[in-house]
Amino acid sequence: MIPVNEPLLDGNEKRYLQECIDTGWISSEGPFVERFETAMAERVGRRYAVAVANGTAALELALAALGLEPGDMVVVPTFTIISCAAAVVRNGCVPLFVDADPRTWNMDLDRLAELLADEIDRKGNRRLKAIMAVHVYGLPVEMAPVLALADRYGLKVVEDAAEMHGQTCGGKPCGGFGALSIFSFYPNKLVTTGEGGMVLTDDPPLAERCRSLRNLCFQPERRFVHEELGYNYRISNLQAAVGVAQLERLDRFIERKRAMGRRYTALLEGCPGVQLPLASTPYADNIYWVYGVVLSDEVAGDAAAMMKRLAGRGIGTRPFFWPLHEQPVLLRMGLSSRDEGRFPVAERLARRGFYLPSGVALREEQVDEVATTLLEECRGMDARHGGGGRS
Ligand SMILES: *Cc1c(COP(=O)(O)O)cnc(C)c1O
């Protein structure tokens, strides 16, 4: 089986972990945590970084730091991971969804502008306070228009750069935009710590607030007296040690991902019935965090059917995100309604999209095998349905 993801841990990971064990520093008090924070802040050009337990926790803290009030609203793309909605809901706020762009798969900025005009200009919505900008699969959402809209309407921006280590947008590092930004270090991300995440900001009070919330809001003067309920979202020195070693090789990982993406595209171009990821936009070149494909409408059967066939031939895949506005949990909570038909792009991506093996450890011959197998399956499907399907 060619796995959908496999991390590369062959740099200084072992050496730094050994150092943790030799010195006895394994908790969040150890020196690698600060080293990791400093290195990440430098890499994305931010003043402060706060390492936490995972990317979901980072999103939750970033929103908590903004001091939103219960019932406030946050704009979130519908085509993303549940973490984005969970962070909004856990902070007592309400998500407002925006459909995806059919080419980049990121939030559609025309739809965003329409939503803001409708809510704020037309309805006079004063509860709408923030935009969560999420970069999906390898291309960033274009930040300049997002920031301009936020500026115009007085909204805060939180940048979810969980999949974008080392990517840039308009020449500026992802993770460097908005009031706060976050990363994840899950094993399929470009830098992993096993489990881990980070919040970054340039604002001293926001950074201080994230630090405090991360560590149960202990007070420096009276340690076990609490004015506020925080979280234990600390990261261990062991995890940070792995992160420091990973970050040392981020540029190589990006090169590998880009080479993988170019190879897949070269092999799959002309594959009947399949939309491939955009190689670039005017503001960024794809880093192919994952290599996603979307089946054209003329291909019979959906992504699930194709994924099952590929699995039968030893190829691991993952489905695309399921849109947030269709999540049963959010529907039950009354935070979404299914019958509006306002998000046709995300709904189609969810049903016809999936991604191919994309880990940094993936070898060229594995890319070739995956591409060949997918080509055969697509040609087969095409033939079974009259051969009419060209995308
Ligand atoms: C992975 C991911 C997260 C969540 O990170 P975890 O570390 O898994 O909690 C959040 N947002 C996006 C866009 C992600 O891809």
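Predicted model: local features only at pLDDT ≥ 70, side-chain atom pairs only at ≥ 80, totals over all residues.

Residues are numbered from 1 along each chain as its sequence is written, and side-chain values use heavy atoms, with hydrogens and water left out.

Around the ligand stand N54, G55, T56, I81, S83, V134, D160, A162, E163, S184, K189 and G196; a residue belongs here if one of its heavy atoms lies within 4 Å of the molecule. Sorted by class, this shell has three nonpolar, six polar and three charged residues. In that sorting Ala, Val, Leu, Ile, Met, Phe, Trp, Tyr, Cys and Pro are nonpolar, Asp, Glu, Lys and Arg are charged, and the others, Gly among them, are polar.

The distance to an N or O atom is 2.5 Å for the side chain of T56, 2.5 Å for that of E163 and 2.7 Å for that of S184. Taken alone the ligand exposes 380 Å², and the protein buries 92% of that; the areas come from the Shrake-Rupley method with a 1.4 Å probe.

The aromatic rings come next. Rings of Phe, Tyr and Trp (its six-membered ring) pair if their centres lie within 6.5 Å, with planes under 30 degrees apart counted as stacked, over 60 as edge-to-face and the rest as tilted. The count comes to 16 aromatic pairs. In one of them, Y137 and F321 have ring centres 5.2 Å apart and planes at 20°, so the pair is stacked. Y137 lies in the loop between β4 (128-134) and α6 (143-153) and F321 in the loop between β14 (318-319) and α11 (328-332), so the pair ties together parts that are 184 residues apart in sequence. Helices (H or I, at least four residues) and strands (E, at least two) are DSSP runs, numbered from the N terminus. Both Y137 and F321 are buried, meaning under 20% relative accessible area (1.4 Å probe, protein chains only). Ring pairs join F79, W105, Y137, W289, F320, F321 and Y355 in a cluster.

W105 of that cluster sits in the loop between β3 (94-98) and α5 (109-122). Most residues other than glycine have a negative phi. W105, not a glycine, has a positive phi of about 70°, and at 3% relative accessibility W105 counts as buried. Y288, in the loop between β12 (284-285) and β13 (291-295), has a positive phi of about 50° and is buried, with a relative accessible area of 4%.

Conventions
Polar contact = N/O pair within 3.5 Å; in protein donor to acceptor, adjacent residues only side chain to side chain. Buried < 20%, exposed > 50% of the residue type's maximum accessible area, 1.4 Å probe, protein only.
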